[in-house]
Amino acid sequence: MYNKGTIIPGLIIFVLIVTFPIWFNGLKAGTLPKPELPPGGEKKCVMPVEYMRANHMQLLNQWRDDVLRNNDRIVVMVEGKKYRKGLQMACMKCHSNKEKFCDNCHTYTAVKPYCWDCHLTPKEAASKEETH
Amino acid sequence: MKYAFSFLAVIALILIAGLGSQIPGMQYFFGVAIPYLAIMLFVGGFVYRVMQWAKSPVPFSIPTTCGQGASLDFIKQDKLDCPTKTSEVVARMFLEIFLFRSLFRNTKSEIHNGPKVTYESSKWLWLFGLLFHYSFLLIVIRHMRLFIDPVPYWLSAIEGADSLLQIGAPTLYLSDVALLGGLLLLFGRRLVNRQVRYISLNNDYFPLVLIFAIGVTGILMRYFLRTNIDIINIKTLAMGLVTFSPVINVKIGAIFYIHLFLVSTLLAYFPFSKLMHMGGVFMSPTRNMANDSRAKRHINPWNDPTIKPHSYAGYEDEFREFMVDAGIPVEKELSAVQDEA
């Protein structure tokens, strides 16, 4: 074998890069996220659970476009209760804790939705009302 | 129609994974066994290929020199294109690996009426290659969010930059567009350019089609076929794989298994194909040697140490009498040698 001095370190660096997740995690798989169910005990959402798990971001995006761009804030009915279309007006009425519900999975999968660039979490909204 | 086989092969792979993963109990085969096998083949095969190259002697000093070599003081040396020092070689290799400098110099030769030959700069391969390689690198780095927990800040920052335009939900990645665009252009180049088309083989088309299919299945999974694609379940499986404790206890959509199977195919195919240029670019003697063969003697490793150098003077000493007999002129006459003795 020729040029051992450069090839062996090069191969070691290659193997370290490829196995990065193995040594970075230290064989700890981390804790699975458990989003908090609505504290109020509501059982039904606007769509079935499986749909919401997979497609909630697309639904929210659709609502955003409907409300802000098409001026279409129709009322959503769930189990006889009326909600106005919107993240704060509908979703957060039941899933009232953003940190325990939204962030739980989003942190685990490193998803950073930009909802909260404009929206207020219920906690923030409450503190705003007090100051005004 | 050389490329037809590549399409058929990729379609067959998609069918195998798409149908196979729906058979009860086969999820472990496609989700755990195949990925482990593929990564072992990738790392093992890669190291094996590099070791084979490392064992191959370089008989001659063969750097490609593309500029003025080191000469007299008043002649300016082209240090990047004709390096003589290790630092210059490193600079040349850096530009080659990160900016594909040799592709930048590509020319197209054409015959015009006259007849006259022209050499025109042709940078398409360089541009498409750069587009493809960097978006692919970005995509691989981005996928690490599924393999590490907690996700470090720099990784989120890369992902944020890649989805900067905030198009749709989930947000569109710019590297996805660039990857597919780059692949289409590289594929199109092989079809449109007659000379390149003539020398293109199945093993040129197959990786392009395979990586294209990987990109398309990934995009379908992220934006369109979202049934049973819960990112939590997918990250749980990925984390299980890298911590050697994989579990699959939920249904994951077929598109995920197709994507994973195609990636596994790419990994397994990698060390035994032209894709080994990833390691080969470091090992190429035409790039990684300094053009210093006049200052430093390059010893051919093949040389048999029992064969000693034989100078002309020694040769003449050995055969002088026969040479004089045959009338061949000699530097030292027979009489001069006898006088010395």
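1. A residue is called buried here if 20 or more other C-beta atoms lie within 10 Å of its own. The model under review is predicted. By that criterion, strand β2 of chain B, residues 116–121, is hardly covered: the count of buried residues among its 6 residues is 0.

2. The partner of β2(B) is strand β1(B), residues 107–112; the two run antiparallel and are joined by 6 bridges. Within this pairing, B:Thr107 stands opposite B:Ser121.

3. Helix α10(B), residues 231–242, is mostly covered, with 9 of its 12 residues buried. Among them are B:Ile231, B:Ile234, B:Leu237, B:Met239 and B:Leu241, together with B:Lys235 and B:Thr236. The cover over these buried residues includes elements of both chains: α2 (20–25) and α5 (102–108) of chain A, and α2 (27–55) and α11 (254–269) of chain B.

4. The length of α10(B) agrees with expectation, because 12 residues at 1.5 Å a residue should span 16 Å and the end C-alpha atoms are 16 Å apart. Just after this helix, B:Phe244 takes a positive phi of about 55 degrees.

5. The contact between the chains takes 32 residues from chain A and 38 residues from chain B. On the side of chain A that touches chain B, α1 (4–18), α2, α3 (49–69) and α5 each supply at least two residues. The most comes from α3(A), with 7 residues. By class, this side of chain A has 21 nonpolar, 8 polar and 3 charged residues.

Terms used:
Residues numbered from 1 in each chain as written. Chains lettered and ligands numbered in written order. Predicted model: local features only at pLDDT ≥ 70, side-chain atom pairs only at ≥ 80, totals over all residues. Helix = DSSP H or I, 4+ residues; strand = E, 2+ residues; numbered from the N terminus. Pairing = 2+ DSSP bridges. Expected span 1.5 Å × (residues − 1). Contact = placed C-beta atoms within 7 Å. Nonpolar A, V, L, I, M, F, W, Y, C, P; charged D, E, K, R; others polar.
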